[in-house]
Amino acid sequence: MQQQAMAQAAVQRLVMQRRRAQAALDRVDRSVYGLCCDCGMEIGLDRLLSDPAAPFCRDCQEERDAAR
Ligand SMILES: [Zn+2]
């Protein structure tokens, strides 16, 4: 039971990762990859390299994290 719950949590994370990756690929298709989904500014290259699916620039992400 415990094992199953943990496996389910792992699957949830995979689903989330796939959604983020798919959204990033959609942005590639629309030629807006690398631009923040919120403010439209360029997402820093170092940020994209460490998280290629990052949808927001550092400032907007921090704002979201703070609002949570
Ligand atoms: Zn932004």
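1. Leaving out residues up to four places away in sequence, Ile-43 touches Gly-34, Leu-35, Cys-36, Leu-48, Ala-54, Pro-55, Phe-56 and Cys-57, where contact means heavy atoms within 4.5 Å. Ile-43 also belongs to the largest nonpolar core, whose 6 residues are Cys-36, Ile-43, Leu-48, Phe-56, Cys-57 and Cys-60. Such a core is a set of buried Ala, Val, Leu, Ile, Met, Phe, Trp, Tyr and Cys residues joined through side-chain atoms within 4.5 Å; buried means under 20% relative accessible area, exposed over 50%, and partly exposed in between, with a 1.4 Å probe and protein chains only.

2. Before reading further, please keep in mind that this is a predicted model, in which local features need pLDDT of at least 70 and side-chain atom pairs count only at pLDDT 80 or more, while totals for chains, interfaces and linings use all residues. Residues are numbered from 1 along each chain as its sequence is written, and side-chain values use heavy atoms, with hydrogens and water left out.

3. The protein chain has 3 helices and 0 strands, and its pattern along the sequence is α-α-α. The radius of gyration is 14 Å, well over the 11 Å that the globule rule gives for 68 residues, so the protein chain is more spread out than a compact globule. That radius is taken over C-alpha atoms, and the rule is 2.2 Å times the number of residues to the power 0.38. Helices (H or I, at least four residues) and strands (E, at least two) are DSSP runs, numbered from the N terminus. Along its principal axes, the C-alpha trace of the protein chain spans about 45 × 30 × 20 Å.

4. Of the 68 residues in the protein chain, 21% count as buried. Among contacts between residues at least 6 apart in sequence, 24% join residues at least 24 apart. The protein chain exposes about 5,600 Å², of which carbon and sulfur atoms supply 55%; accessible areas come from the Shrake-Rupley method with a 1.4 Å probe, and for residues only the protein chains shown count as cover.

5. Cys-57, a member of the core described above, is found in the loop between H2 and helix H3 (58–67), and it is buried, with a relative accessible area of 10%. Not counting residues up to four places away in sequence, Cys-57 touches Cys-36, Cys-39, Glu-42, Ile-43 and Arg-47. The C-alpha atoms of Cys-57 and Cys-37, which are 20 residues apart along the chain, are separated by 8.1 Å.

6. Cys-39 lies in the loop between helix H1 (2–29) and helix H2 (45–50) and counts as partly exposed, at 42% relative accessibility. Leaving aside neighbours within four places in sequence, Cys-39 is in contact with Cys-57 and Cys-60. From C-alpha to C-alpha, Cys-39 and Cys-57 are 8.1 Å apart in space, and they are 18 residues apart in sequence.

7. Ser-31 also deserves a look, and its place is in the loop between H1 and H2. Most residues other than glycine have a negative phi. Ser-31, although it is not a glycine, has a positive phi of about 60 degrees, and at 65% relative accessibility it counts as exposed.

8. Finally, Gln-12 lies in helix H1 and is exposed, with a relative accessible area of 52%. The C-alpha atoms of Gln-12 and Ile-43, 31 residues apart along the chain, are separated by 26 Å.
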